[in-house]
Structures are given as C-alpha cells and as structure tokens.
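Here is a short tour of one structure, written for someone who likes to look at the residues while reading. Please keep the viewer open as you go.

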Amino acid sequence: MRDPDDVLADLCVIALVNDDASLAHNLQPSDLLTRHGVPLHIERGAASASIGYNAGLDATTAEFVVLAHQDVYFPPDWHVHLARAIAEVEQIDPNWAVLAPFGMCAKTNAHIGDVWSTGISRRVGEQVTAPRAVQSVDELVLVLRRASGLRFDPALPRYHLYGTDLVQMAWAAGKGAYVASMPVVHNDDFKAALGADFTESYAFVRRKWRAVMPLRTPVLWVTKWGFGLVRHRFRGWRGMLKRKAIAGDTSVDPKVYARQCGWEAAE
C-alpha cells in the first residue's frame, strides 16, 4: 500500500462552485481539507464542466487530482482509502488514468462502489473489494492521475456526462478507468427530471461514442438513436412522486450520514 501521507503531499481538490452554502455545509468541512490541509481550488462560472475542470487542472500541479462536487463530504481518513486504491490499481494497470468511488461495471453493467446518496436516502452500489474496470462513472468524485495526460473535452457542452466521456477517452487512449472502495457522502437534492441541458450533453456523447454504443451510465443508457433518454424520462415522470417521497434532507450535517454508514465515529 502507498503511504497515505505521501498521497496527501501530492493531492489537490478541484470544485466547480455555484452554491457557497452547499460548499460550506458539505465539502469544506471534510477532514481532507480541514485536518489534512489538502488545497482546494475553486472554479466559478465556467461555460461547461469540461472547461471549468480543465482550467482547474491548469491552475494546479498535484499528481493526484480529486474533482469533487460541492455537495460531497469526505469521511475522515478518506485519503487512506485513496492510497490503498492507488496501490491496488497500480498492481493491475500502471497506466491508469481515472479512479472513482461509483460507476458502472464494464462487464456486468452493475452499479458498483459505495456512496451515500441523500437524494434517494440510501447507500448505493455493489461494494468492491478491488478496483474494477468501468464504462462510466458518476461525476460526484473523480480522481485523475495527472501523468496520464488526460483532460476533459472542451467541446462537451454543459455539466452532464463528462464522467462517461472521460472514461471512454481514457480507454481509447490505452489508459484505464476504475471504481475502487473510497466511500463518500453525496448530500444531493432530489432531482425531478433531466432538463434541456442534459439533452445537449447526451446528444454530444451519443454522436462522439456512437461506435461503442450502447453505454450504461449511472443514470441511464446512452444509445445510438437516443431511446435511452426517452425511456428514462418516461419512467422518471411515472415515478416522480415516489422518488420525491423518499428523498432525504440535505440540511442535515453530512457527518450524520457518514456515521449512519459506519464511515465516521460518533462524537
């Protein structure tokens, strides 16, 4: 296993921020930042996630870059999980590019990882005991190895599916993308439906990766003719009231959810 302190010394966090209250409630109180002093670089007002994260990559130098949503909370000693994941993935793929705590297994199409989602009030993902190759990842947390040279495609519009695009670019370049055991709390709001901005991102990914369709993302299938989005919207509309009823309270301290999952000791 890599020394967690060595990983900390070459680590930074980049966040795209449009809600300072959410940032102060979730990401900023994480031990990774407050106790261990990992630098946080914030980007605001980018035209797309890809453009914002590329700007963050240009502004930082750390070898291991954690790209995190503002509503994510890292439980104590998360860097220990990260150090273990890096050591494990290096054993199977020294040329890896992307690690994430949650995504879609490349072989089984299963949701894998271990994440608390407030939006559905439960832990999600089939837990993994070793890094597993993925076809897409959820964008709540991405870990990028700078030496891989991988960057986000600035042509991808808006703020959706950039995790899927990044994973596919990694594999196309002969570099690996994996989910590993790195538990986090995603203190996310209930989302009623996918808007027109998602349609733009979906259309771009569908055109770009047509040769490898269908692709399973954590939310829906990306298919050649776009039926995956049509089906998801129909099913989402039918189940909206049920999903809204089970959504959790994002005003709760995310440490409460971390303790509920056994990732943080009681005070």
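V66 stands opposite V143 of strand 11. This is a predicted model, in which local features need pLDDT of at least 70 and side-chain atom pairs count only at pLDDT 80 or more, while totals for chains, interfaces and linings use all residues. Residues are numbered from 1 along each chain as its sequence is written, and side-chain values use heavy atoms, with hydrogens and water left out.

Helices (H or I, at least four residues) and strands (E, at least two) are DSSP runs, numbered from the N terminus. Two strands pair if DSSP finds at least two bridges between them.

| Partner strand | Sense | Bridges |
|---|---|---|
| Strand 3 (residues 64-68) | antiparallel | 5 bridges |
| Strand 5 (residues 98-100) | antiparallel | 2 bridges |

V143 is also the bridge partner of L99. In strand 11 (residues 141-145), 5 of 5 residues are buried (buried means under 20% relative accessible area, exposed over 50%, partly exposed in between; 1.4 Å probe, protein chains only). V141, V143 and R145 point one way, L142 and L144 the other.

Now for the loops. T118 sits between strand 8 (115-117) and strand 9 (122-124), and counts as buried because its relative accessibility is 0%. The T118 side chain makes a polar contact with the side chain of N187, at 2.7 Å (a polar contact is a pair of N or O atoms within 3.5 Å; within protein, one must be able to donate a hydrogen and the other to accept it, and residues adjacent in sequence count only if both atoms are side-chain atoms).

N187 and D253 are 66 residues apart in sequence and 9.0 Å apart in space, C-alpha to C-alpha. D253 counts as partly exposed because its relative accessibility is 37%.
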